[in-house]
Amino acid sequence: MKRYLFYFILALYLFGFAMPLYAISADEFLEVTKFSGKAVTKKGDPAEGKAIYVMFCVNCHGEKGDGNGPVAKVAKMDPKPRNHADGKYMNERKGEDLFKAIKLGGKAVDKSVYMPAFSMVLSDEDIWNIVAFVRTIAIPPYSKD
Ligand code: HEC
């Protein structure tokens, strides 16, 4: 049963990932991945990070990073994917913790196993770029770097 659920979510995830690539034009893709905020960390490039976030993370974490992505909703994920806009929680997490969660998956940081490991897909530089982007959407704003 558990295994079935895992494959179900994986299929949804892959389907969701492919959808935007077919459904929108290259111009529209550039539009949704455009970063207009300001960097708040010394490390990483948030503009690069946003493009990757739109491709790999919004299916679960949502377009606004609030944890309400379509895959998370359909799969009724519990716990929900982390709300990256929740500065109260996120600003207390060290950059290294976020890096580790993205690189090695939720289990590596005692979070849900439904948070996949991206070490096979993303370089360390990509991951630091994502961390830099995630820091820019926190409310209240992140200001520890
Ligand atoms: C299949 C759904 C899914 C995908 C895709 C996904 N996540 Fe997650 N993510 C989760 C879940 C579920 C959690 C765990 C929440 C919890 O345990 O409270 C999580 C947790 C996290 C955390 C840990 C936050 C903390 O509590 O310290 C980070 C950081 C994170 N995700 C970033 C990302 C990034 C960046 C991407 C894209 C590269 C991504 N996630 C893709 C579902 C997903």
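## Basis of the description

Helices (H or I, at least four residues) and strands (E, at least two) are taken as DSSP runs and numbered from the N terminus. This is a predicted model, in which local features need pLDDT of at least 70 and side-chain atom pairs count only at pLDDT 80 or more, while totals for chains, interfaces and linings use all residues. Residues are numbered from 1 along each chain as its sequence is written.

## Leucine 104 in helix α7

Helix α7 covers residues 95-104, and leucine 104 lies in this helix. Leucine 104 is partly exposed because 15 other C-beta atoms lie within 10 Å; with C-beta atoms placed from the backbone, a residue is buried if 20 or more others lie within 10 Å of its own, exposed if 12 or fewer, and partly exposed in between.

When residues up to four places away in sequence are left out, leucine 104 touches Ala117 and Ser119, a contact being a pair of residues whose C-beta atoms, placed from the backbone, lie within 7 Å. The C-alpha atoms of leucine 104 and tyrosine 53 are separated by 16 Å, and these two residues are 51 residues apart along the chain.

## Packing of α3 against α8

Two packed helices are described by the angle between their axes and the distance between the axes. Helix α3 (residues 46-56) packs with α8 at an angle of about 95°, and their axes are 7 Å apart; the axes are lines fitted to C-alpha atoms, for helices over the stretch in contact, and the angles run from 0 to 180 degrees between N-to-C directions. Helix α3 is therefore roughly perpendicular to α8, a term for angles of 65 to 115 degrees, whereas those under 35 count as roughly parallel, those over 145 as roughly antiparallel and the rest as oblique.

On the α3 side the contact is made by Pro46, Glu48, Gly49, Lys50, Ile52 and Tyr53, and on the α8 side by Asp126, Asn129, Ile130, Ala132, Phe133 and Thr136. The residues of this contact divide into 6 nonpolar, 3 polar and 3 charged, where Ala, Val, Leu, Ile, Met, Phe, Trp, Tyr, Cys and Pro count as nonpolar, Asp, Glu, Lys and Arg as charged, and the others, Gly among them, as polar.

## Backbone features outside the helices

In the loop between α5 (70-74) and α6 (87-90) lies proline 79, which is joined to aspartate 78 by a cis peptide bond with omega of about 5°. Lysine 76 lies in the loop between α5 and α6 and, although not a glycine, has a positive phi of about 50°; lysine 76 counts as exposed because it has 7 C-beta neighbours inside 10 Å.

Aspartate 110, in the loop between α7 and α8, has a positive phi near 60°. A cis peptide bond with omega near -5° leads from isoleucine 139 to proline 140, and proline 140 is placed in the segment after α8 (124-136).

Terms used:
Contact = placed C-beta atoms within 7 Å.
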